[in-house]
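Work through the exercises below with the sequence and the 3D view open. Try each task before reading its solution.

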Amino acid sequence: MIVEKIEPLLAEKFSEPDFADCFLVDTTFEQATRHLEIFIDSDSGMDFTKCQKISRYLEKFIDEGGWLGESYVLEVSSPGIERPIKFHRQYNRNIGRTLTIELKEGEPREGILRIVNPESIVLESEIKFKEGKRNKKETIQTIIPFEHIVKAVVKITF
């Protein structure tokens, strides 16, 4: 399968100094349309130039090997804000952003990512409550172990 051929090539590319902080997040391949999507992230941030260089690097192997025939679509991009966070190192880049967290058990959580520890994250959120006739707000911090997280997505706020 194409994905098994691509992954070692990317590992080789990521050993180069200009791409050393890059890592593969996900790949998708639609056989019927020959559409290959590769999502790559970087600790320093992905930009168009990095994606373009990786795309050209992969195209060379795909074309020379005839892996996808003459007509195919290859897209190399960063995962985008709407895709779930998959790796611990992605959380660090999202400190200060609002996350929606789906947990293995219990209600979903939403809050601002404040701290990333080796085994957990800290989300900060406001709770509203009544004290007598007054509405009050309190800021709380919740520690969520990575092992309890099913899915984490950055929430786009305006």
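The exercises that follow treat a sheet, some salt bridges and a pocket in a predicted model.

**Exercise 1.** Find the order of the strands in the open sheet of 5 strands, and name its edge strands.

*Solution.* 
- Step 1: Read across the open sheet; the order is S7-S6-S5-S4-S8, with antiparallel pairing.
- Step 2: Strand S7 (134-145) and strand S8 (149-154) each pair on one side only, and these are the edge strands.
- Step 3: Look at S4 (residues 98-103), which is joined to S8 by 5 bridges. Thr100 has Val153 in S8 as its bridge partner.

**Exercise 2.** Explain why the salt bridge between Asp26 and Arg83 ties together parts that are apart in sequence.

*Solution.* 
- Step 1: Check the contact: the closest N and O atoms of Asp26 and Arg83 are 2.9 Å apart, and a salt bridge requires a nitrogen within 4 Å of a carboxyl oxygen.
- Step 2: Locate both residues. Asp26 lies in strand S1 (residues 22-30) and Arg83 in the loop between strand S3 (73-77) and helix H3 (88-92), so the pair ties together parts 57 residues apart in sequence.

**Exercise 3.** Describe the lining of the largest pocket by class.

*Solution.* 
- Step 1: The largest pocket holds about 240 Å³ of space.
- Step 2: Its lining has 14 residues, with Asp41, Gly80, Ile81, Arg93 and Arg97 nearest the centre.
- Step 3: Sorted by class, the lining has 6 nonpolar, 4 polar and 4 charged residues.

Terms used:
Residues are numbered from 1 along each chain as its sequence is written. This is a predicted model: local features need pLDDT of at least 70, side-chain atom pairs count only at pLDDT 80 or more; totals for chains, interfaces and linings use all residues. Side-chain values use heavy atoms; hydrogens and water are left out. Two strands pair if DSSP finds at least two bridges between them. Helices (H or I, at least four residues) and strands (E, at least two) are DSSP runs, numbered from the N terminus. On a 1 Å grid over the protein atoms alone, a cavity is a set of points where a 1.4 Å probe fits but cannot get out, and a pocket is an open set with protein on both sides within 12 Å along at least five of seven lines; lining residues have an atom within 4 Å of a point. Grid points are joined across faces, edges and corners, and a volume is the space filled by probe spheres set on the points. Ala, Val, Leu, Ile, Met, Phe, Trp, Tyr, Cys and Pro count as nonpolar, Asp, Glu, Lys and Arg as charged, and the others, Gly among them, as polar. A salt bridge is a side-chain nitrogen of Lys or Arg within 4 Å of a carboxyl oxygen of Asp or Glu.
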